[in-house]
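Dear colleague,

Please find the structure below, handed over for your files. My notes on it follow directly after.

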Amino acid sequence: MTTGGTPIKPFLAKDLSLLGLPEIAPENRPRKAVELLGEMKEQIRSLRLFMDSCAKCGACAEQCHSYLGTQDPNNIPAARVDLVRKVYKRYYTTMGKIAPGIVGAEDATQETLEQWYKYFWQCNECRRCAVFCPMKIDTAEVTIAARQIMTKLGIVPKFVMGIANNMHKTGNNMGIPVLALKDSVEFLEQEMLEETGKAIPIPVDQEGADVLYNPSSSDFFANPDSMIGAAKMFYAAGTTWTISSDIVETANFGLFFDKGVMKEHSNRLLNAARKLKVKRIVGGECGHGWRTWKMFTPELNDRVEFPIQHAVEEAMQYLQQGRIKVDPSANPEKVTLHDPCNMARGAGIIEEPRYVLGRVVENFVEMYPNREKSFCCGGGSGILMDEIKETRIKLGKAKADSVRATGAEILVAPCAICKAQLPVAMEGNGVEVTVKGLLDLVGNAIVL
Amino acid sequence: MTNPLAFLVAGILPYVTALVFVVGVVGTMMRWNRVRVPLRITVTPAPSNVVADIAYELLFFKTLFRSTRALWGGGWVFHVCLALALIGHVFGIAVLAHQFVALGASASQSEQLSAFFGGIAGLGMLVALLYLLYRRTSVRAVQAISDASDYLVLLLVISIVLTGNYMRFFMQVDLAEIRDYLGSLFTLNPAPPANAMFLVHIFFVQLLLLYFPYSKLMHSCGMFFTRWLMGKRDLVSPREGAA
């Protein structure tokens, strides 16, 4: 499967000291994996049910962008889950113990773990299979479990570990130090002043603001228009807001490999909100960070005393309340919307971006499949490593086909990971389109 | 005198089967239920009514209808015919195919109707199963996810349907004899009938039921749990240690 000399697995992290886990010798890893799986099957109902309930009907195969793009049978959702199920059957089911060959049960070996590493990092945890499975088996749950086991064994991609380290040191994934952050903020403020003639602030660490805005750190460099859009929106609506230099990162990579890291990230944000005495938190353009907040934080973290909402919801409310005025002629291009998996399937934001786009652009077209049936961009769940770019292009093929059919000039993706992956996926699959955030277009259209 | 093999299959094995099946199925479901739901994992948009969603799924297999139409055809026809056949077995044997008398038919009309619906169900299952077997062997993706057990279950169910259909279409089965036999089982005084095809039929049925709790056939029970778990809005277990 290797093409052009590109490695097909993400590079492994060497330094996992941040996680503070006991080191497991490679020869003990398979045995330990079995042990950890045994614990998790008693702790996570979804995992247990999904191990026991697959009828092997194969309905998932053609619904998975990963299989469609790579044509690798191990990327069929049922087959991917089977990589764990084989081991589960062998050690924890009656039939797997007495007749492993017949039920497809297999011993856990080094090779098992190599397969896990390869294929659970070709699953974007997008949950589309769960939408099309009659049993609603959600492969993402199994991928999350398998990656968590691998993390405890010391098998973590360098890319996600690097991000966790950056987050720990600087409060953002890109490792931006506070001074550089403030520089970037000033630069963006200057840009807005030149463009609008108005002093639109991006307040940093302002105590007592109504809103703590938690953008993706890429909004300061790769996607500055999203940050500008947010600043203009809050300014026009008259909302007092601030970002926190302790955490300018809504993307919570803990979700992709370690629950402890996920919890730590959310704690950091909660503490920042407490320190700045804000009334509520608004999450920036990010899918999985939003899912973490909406679905996981209430259980994982001890106390969540702040209401939290997504920037897209915020924009919709301002439009509904008439607090911002927009002129759609500022966005005359043909625009289509990519529904980020973690927003549409993961945490129920489906109508909101449509409401907003319907008012800030002149020519909005739907792409198909869309809403909860939308294909993943191919970058979800932290699969943004440069070293597997060729695989990422394959993972983005289904989405590229959807976008191509719309003939749109602008592809809106209100998620930082999608924004990083889509240009790669579109170019790699020969689709010419400009990828933008939703707030970028709101920013363009706002009448100040 | 009863043949010892027949007595084993129809006089002793049924008790073992019943025990294994009930303990296995109920035990598995109880174990599922004991495991916590640590985090909210609803797939959105969540159905407004989970019970209605599950009922709708059960009746129409709506998810397969949306994803893979041919599989939906095979799967739906098989399961509907299976339901029809199971209901038919209960009524047909309990009231000797006179169930339609309650709806105004004469005794012989009822027997004909019973034979008609039974025949449809038996043939429907056979055709659907053959398609599903064809699909499993010929569609690349389905082939790739199939283990020996997936084929064995299909072949076992096909064997049950074939023996059942044989009795339906090529034999005159004395339903009263079957009813008396089942009655003898319930009164713990088993008296197996002499019908060899019937014995083969129930032997296969028992093999399937014995295997049931340890196999993917548990999807029949798991489906209620998974759709409830993934469909119910913000379903989550109370914190550990919380009252």
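**Helix H7 of chain A**

In this predicted model, a side-chain oxygen of A:Thr109 comes to within 3.2 Å of the backbone nitrogen of A:Glu111 at the start of H7(A). Helices here are DSSP runs (H or I, at least four residues), numbered from the N terminus. H7(A) spans residues 110–120, and its buried residues are A:Thr112, A:Leu113, A:Trp116, A:Tyr117, A:Lys118, A:Tyr119 and A:Phe120; buried means under 20% relative accessible area, with a 1.4 Å probe and protein chains only. Their cover includes helix H1 (29–40), H4 and helix H9 (139–153) of chain A.

**The interface of chains A and B**

In chain A, 62 residues are in contact with 53 residues of chain B, contact being heavy atoms within 4.5 Å. The area buried between the two chains is about 4,600 Å², and carbon and sulfur atoms give 61% of it; this is the accessible area (1.4 Å probe) that two parts lose on being put together, summed over both. On the side of chain A, the residues that lose the most area to chain B are A:Arg45, A:Lys136 and A:Glu299, together 17% of what that side buries.

The rule finds three salt bridges across this interface, each defined as a side-chain nitrogen of Lys or Arg within 4 Å of a carboxyl oxygen of Asp or Glu. A salt bridge joins the side chains of A:Lys56 and B:Asp147 (3.2 Å, N to O).

Several helices of chain A each supply at least two residues to the side that touches chain B, including H2 (45–52), H4 (77–92) and H17 (341–347). H15(A) gives the largest share, seven residues.

**A buried threonine in chain B**

B:Thr163 lies in helix H7 (residues 148–170) of chain B. B:Thr163 is buried, with a relative accessible area of 8%. Beyond its neighbours within four places in sequence, B:Thr163 is in contact with B:Met197, B:Val200, B:His201 and B:Phe204.

**Confidence and conventions**

The model scores ipTM 0.95 and pTM 0.96. Chain B has a mean pLDDT (the predictor's confidence in each residue, from 0 to 100) of 95, and 98% of its residues reach 70 or more.

Residues are numbered from 1 along each chain as its sequence is written, and chains are lettered from A and ligands numbered from 1 in the order in which they are written. Local features need pLDDT of at least 70, side-chain atom pairs count only at pLDDT 80 or more, totals for chains, interfaces and linings use all residues, and side-chain values use heavy atoms, with hydrogens and water left out.

With kind regards

Notes: Buried means under 20% relative accessible area, exposed over 50%, partly exposed in between (1.4 Å probe, protein chains only). A polar contact is a pair of N or O atoms within 3.5 Å; within protein, one must be able to donate a hydrogen and the other to accept it, and residues adjacent in sequence count only if both atoms are side-chain atoms.
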